[in-house]
Amino acid sequence: MQQPSGKLIAIGGAEDKGTVPEKGELQKLSNLNFIELGILNRIVQESGGTAAKIEVITTASMIPNEVGENYLNAFGKIGCTDVSIMNIRNRADVVIPEFIERIRNCDAVMFSGGNQLRLSTIFGGTQLLQLMLQRYHNDAAFVVAGTSAGAMAMSNTMIYEGNATRAHLKGEVKITTGLGFMDDVVFDSHFEKRGRFNRLSQVVATNPSCLGIGLGEDTGMLITYGNKMEAIGSGCVIIIDGYDIRYSNIADVPDGSPFSIENLKVHVCEKGNGYLVNKRDFLSQATEGTIIKKQVEAE
């Protein structure tokens with residue numbers, strides 16, 4: 001199968017947009033501010049610079065006007081001059097010719113967070129989604145970015161429900177078909193903060209050919225050619241690989257019961273690390289110069 005020419009940027013959610021830190025969190029948030037804006041900057045850079053035409057799709061959110069305004073302000077602080085909001089709320093909006101034309105002519109699409117099931121049910125099977133997929137596969141200059149729900153919907157297999165406290169029980173994690181930009185992976189967001197390791201492990205256990213990508217907050221993966229991944233942002237990306245599972249009882253235990261897995265592989269990626277999906281290889285340095293040498297103080 002031909003590799004896609006475009007790029008995906010999947011973000012784990014809660015990316016800062018240059019807002020003023022709250023009292024008592026000044027140092028913490030000012031440190032994150034640089035890195036999180038760096039993720040947005042990376043979207044801009046990969047899209048062609050501050051003159052790039054970026055369309056922000058707020059369909060997943062139930063407060064689209066507020067979310068859209070936040071992105072306009074954030075990209076504006078970076079220096080972008082051509083950012084627009086596509087406030088698509090239902091399947092009737094998807095067929096509006098203006099929206100189709102805007103997708104045809106933009107450099108990047110950014111899916112906001114919210115509810116990923118809104119993305120799959122509203123965009124699934126539409127001309128607009130087919131146009132995005134066609135551009136992603138054939139246009140090397142086209143970027144598809146998404147945060148939180150927007151990242152989770154990128155893959156063909158999509159988690160849409162699953163309480164982390166019950167995810168160790170068979171049947172508690174619900175999956176459906178996502179937007180289909182990437183096969184054989186499943187994305188999960190807010191991964192560490194919301195304790196979603198068991199939830200992603202259950203998806204991988206039921207389909208070991210599917211690679212689990214757990215995106216931490218303020219963290220993302222830049223994916224080129226549908227294969228090479230580079231971690232960006234302030235936190236970690238957890239990769240769960242079930243290809244070499246030796247034993248799993250998830251097919252045999254009844255729903256509501258704990259399950260067991262042997263030989264599940266886990267990789268932890270920080271900024272600059274990478275991964276090759278096709279070869280299932282960890283890369284200590286995704287591209288030359290991506291690793292930032294850190295000075296560590298010893299007691």
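Which residues of the largest nonpolar core touch the most other members? In this predicted model, that core comprises 46 residues, and those touching the most other members are Phe123, Ile213 and Met221. Helix 6 supplies the largest share of this core, namely six residues. Apart from this core lies another, made up of 22 residues, among them Val44, Val56, Val83 and Leu222.

The surroundings of Phe123 can be described in some detail. When residues up to four places away in sequence are left out, Phe123 touches Ile57, Thr59, Ile88, Arg91, Val94, Phe111, Leu128, Leu129, Met132 and Leu179. The structure holds three aromatic pairs, and in one of them the ring centres of Phe111 and Phe123 lie 6.0 Å apart with the ring planes at 90°, so that the pair is edge-to-face. Because Phe111 belongs to strand 4 (residues 108-111) and Phe123 to helix 5 (residues 116-123), this pair ties together parts that are 12 residues apart in sequence. Phe111 and Phe123 are both buried.

Helix 6 (residues 127-138) also packs against helix 4 (residues 97-105), their axes coming within 10 Å and crossing at roughly 5°. Since angles under 35 degrees count as roughly parallel, helix 4 is therefore described as roughly parallel to helix 6. On the side of helix 4 the contact is made by Phe99, Ile100, Ile103, Arg104 and Asn105, and on the side of helix 6 by Gln127, Leu128, Leu131, Met132 and Arg135. The residues of this contact divide into six nonpolar, two polar and two charged.

The buried residues of helix 8 are Arg199, Leu200, Ser201, Gln202, Val203, Val204 and Ala205.

The loop between strand 8 (185-188) and helix 8 contains Ser189. With a relative accessibility of 1%, Ser189 falls under the 20% cut-off and therefore counts as buried. Leaving aside residues up to four places away in sequence, Ser189 touches Gly12, Ser148, Met152, Arg196 and Leu215. Between the C-alpha atoms of Ser189 and Gly113, which stand 76 residues apart along the chain, the separation is 9.9 Å.

Methods
Residues numbered from 1 in each chain as written. Predicted model: local features only at pLDDT ≥ 70, side-chain atom pairs only at ≥ 80, totals over all residues. Heavy atoms only, no water. Axes fitted to C-alpha atoms, helices over the stretch in contact; angles between N-to-C directions. Helix = DSSP H or I, 4+ residues; strand = E, 2+ residues; numbered from the N terminus. Parallel < 35°, antiparallel > 145°, perpendicular 65-115°, else oblique. Contact = heavy atoms within 4.5 Å. Nonpolar A, V, L, I, M, F, W, Y, C, P; charged D, E, K, R; others polar. Core = buried A, V, L, I, M, F, W, Y, C linked by side-chain atoms within 4.5 Å. Buried < 20%, exposed > 50% of the residue type's maximum accessible area, 1.4 Å probe, protein only. Phe/Tyr/Trp six-rings, centres within 6.5 Å; stacked < 30°, edge-to-face > 60°.
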